[in-house]
Amino acid sequence: YARFPPPPIGMSGSLRAEGFLRRSLRGESTLTVKSPALLAYGPDLAPYLPGSWNRVLMMRLRPHEERFPTEVALIEAIALGHGEHLAETVRSGYRRGGTYHLLVFSGLQIALAALMVSTLLRCLHAPRIADWALLILSILAPLFIGPSASVSRATVGLGLYALSRILHRPTTLENLWCIAALLRLVAVPGDLTEAAFHLTYAGSAALLFIGKPLARARFRWGAFAIAAELAITPLTLFHFHQYALGGSLMTILMTPVVFLMLCVSMATCMFPWPALFQAVGALHGVCTWLNASVSGISGFFAAPSSAVLTGAAVAALMVIAWMRGRWRAAALLAICCAPLLNAAVVATWDVDSPQLTVLDVGQGDALLLRTPGHAMLIDSGGRIGDDRFGEVTLLPLLLDRGVRRLDIAILTHAHPDHCGGMPAVVLELEIGEGVWISPHRFRGPCAHRLLEACAVREVPLHLIRGGEARSLGGTAVRFRVAGRHFKRSSENNGSVVTEAQIGARRILLTGDIEGEAEGALVDDLRAASILKVAHHGSRTSSTAALLDVVRPAIALISCGRGTLFGHPHPSVLEALRKRGIRIWRTDRNGTIDLRFRGAHVFVHPEIDTPR
């Protein structure tokens, strides 16, 4: 991450940078560079490297990026394998149509290159040279584009096919699939858990082992489409919590269009004429229209459990090894249905007693209060600059708990670490009574995105009044907001404070209020068994006056791992320990479930760490 516009990379082959290195929430190493003086590019790439050829073609497109931004991004993705510049609207449109894989450099591009080389040489009556050319192509393609799972599958299969012809040892597509998968895992064992590897090999296996034996002359494409749909859907649910029914049929319809777009894109890389960019844009418009036609039967859903999916994968491999023909295809179809049924069961899960869940969303707040048949979300987490936080992080946490409908969504205040996932919740889930917000300072980019989402779904916004109450399946919930504005940290101090009474137990959820708001509200608060510590355990909150009035037995802290904010602050932790309060925190315990059964509270952390 550079805190300045970085200079263009050009043909440089290496990068030297000095900055602040840390581990992100996803386990990735990130480097923040503060000054251009701390960033320098190395020597140019050697001209004989295939990667250099790829970079040269990218540089030819760069001057046209301002006039044709979408077209240039599409050409880079489909012809050169670089999808970094694709707009999120483009990505989401193809995802909803189940055709995003067509934008990834994979078997389609390799097949086109192989077809052109083979056809040309065979027309020149040089079949042996054609076989050697295909073998060379299988070696150069990964060097040109990078050895991704889809590229390796296509190139390894192509290379083995060429070798079998050169050595006069005929083979089958099924054997090529098996050998390509094994070689990939030997070279990159970590791919065993990667989504790209799963989708690549499961999709091609479905075509070979299910679609091919069941295909008839009249229903050939239907058999292939159904096979791919049943094999891919459980994996897309597991990795992305999304589905697109009819995506396989749409892939069949769109493949000729994308194939033509690929041909035009390759020509544009060589001859960047405006007419060719416009042709790519027109073909993309056709694809957008086709994707929109199935967007009504796509969306987010619960994922099958990892145990069921692993068991289905092992069973499928055993069937492939020991069975043949249509019996094998029928058995594989039955196996593919098992994870789908499991996902349907997960989607209907409900609680049998009141439950409070502190979701592990990193540096932010997202709490779920549930009673049988009812659910209330209080804040939604988020990260600055991450507009897809809701789709990637929050929605999976909710869907895998069987939450597809909320009675109310509460937004304590509009800071990104509380508001970031709320637009996705509004767009994808049903919210019975709308979004309830603080009456103080509702502004900022996240607030605007939330307003747009509410307008699209016609979800009402409700300004919370201090002392307002409602019932959630028999659980009394009351909301409090400071009655005045604060000059310091007005958004934090204007947070909504939520009280819930579950039997003899009282819960106090404090948002991000700081010492000033705590002082203004403390006279209206009562003792509570459970306290959600304000502002992620910041030292500006959790004053002695508040702790002395509330006297909780359990303190919950929602905070991120390895953040720059230093939450929770040692002074807050010491104040809680001095009062004998048991502390649970998401940075160490992950998601925390509190289940209320009679007079007892059972705490179930995702990670049980010593304290």
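In helix α10, M250, M254, V257, V258, L260, M261, V264, S265, A267 and T268 meet L276, F277, A279, V280, L283, H284, V286, C287, L290, N291 and S293 of helix α11; contact here is heavy atoms within 4.5 Å. By class, that contact holds 16 nonpolar, five polar and no charged residues. Nonpolar covers Ala, Val, Leu, Ile, Met, Phe, Trp, Tyr, Cys and Pro, charged covers Asp, Glu, Lys and Arg, and the others, Gly among them, are polar.

Before I go on, the source. This is a predicted model, where local features need pLDDT of at least 70 and side-chain atom pairs count only at pLDDT 80 or more, while totals for chains, interfaces and linings use all residues. Residues are numbered from 1 along each chain as its sequence is written, and side-chain values use heavy atoms, with hydrogens and water left out.

Back to the pair. Helix α10 is residues 247-270 and helix α11 is residues 274-293; they pack at about 165° with axes 9 Å apart. Helices are DSSP runs of H or I with at least four residues, strands are runs of E with at least two, and both are numbered from the N terminus. Axes are lines fitted to C-alpha atoms, for helices over the stretch in contact, and angles run from 0 to 180 degrees between N-to-C directions. The angle makes α10 roughly antiparallel to α11. For the terms: under 35 degrees is roughly parallel, over 145 roughly antiparallel, 65 to 115 roughly perpendicular, and the rest oblique. The crossing of α10 and α11 is left-handed, that is, the near helix is turned anticlockwise from the far one by less than a right angle, with clockwise being right-handed.

Next, helix α12 (residues 306-322) and helix α13 (residues 325-346). Their axes come within 9 Å and cross at roughly 180°, so α12 and α13 are roughly antiparallel to each other. From α12, V308, L309, A312, A315, A316, V319 and I320 meet R328, A331, L332, I335, A338, P339 and N342 of α13. That contact has twelve nonpolar, one polar and one charged residues.

The crossing of α6 and α7 is right-handed. Its contact is made by A149, S152, R153, V156, G157, L160 and Y161 of α6 and L176, I179, A180, L183 and R184 of α7. It has eight nonpolar, two polar and two charged residues.

Now the cysteines. How many disulfides does the structure hold? One, counting a pair of cysteine sulfur atoms within 2.5 Å. It joins C419 to C446, with S to S at 2.2 Å. C419 lies in helix α15 (residues 416-419) and C446 in helix α17 (residues 445-457), 27 residues apart, and the pair links distant parts of the chain. The link of C419 and C446 is left-handed, at -100° about the S-S bond.

Buried means under 20% relative accessible area, exposed over 50%, and partly exposed in between, with a 1.4 Å probe and protein chains only. C419 is buried at 0%, and C446 is buried at 7%. C454 is in no disulfide, and the nearest cysteine sulfur, that of C419, is 9.5 Å away. C454 is also buried, at 4%.

Last, A244 in strand β5 (residues 242-244). A244 is buried at 14% relative accessibility. Leaving aside neighbours within four places in sequence, A244 is in contact with R95, R96, G97, G98, E229, I297 and S298.
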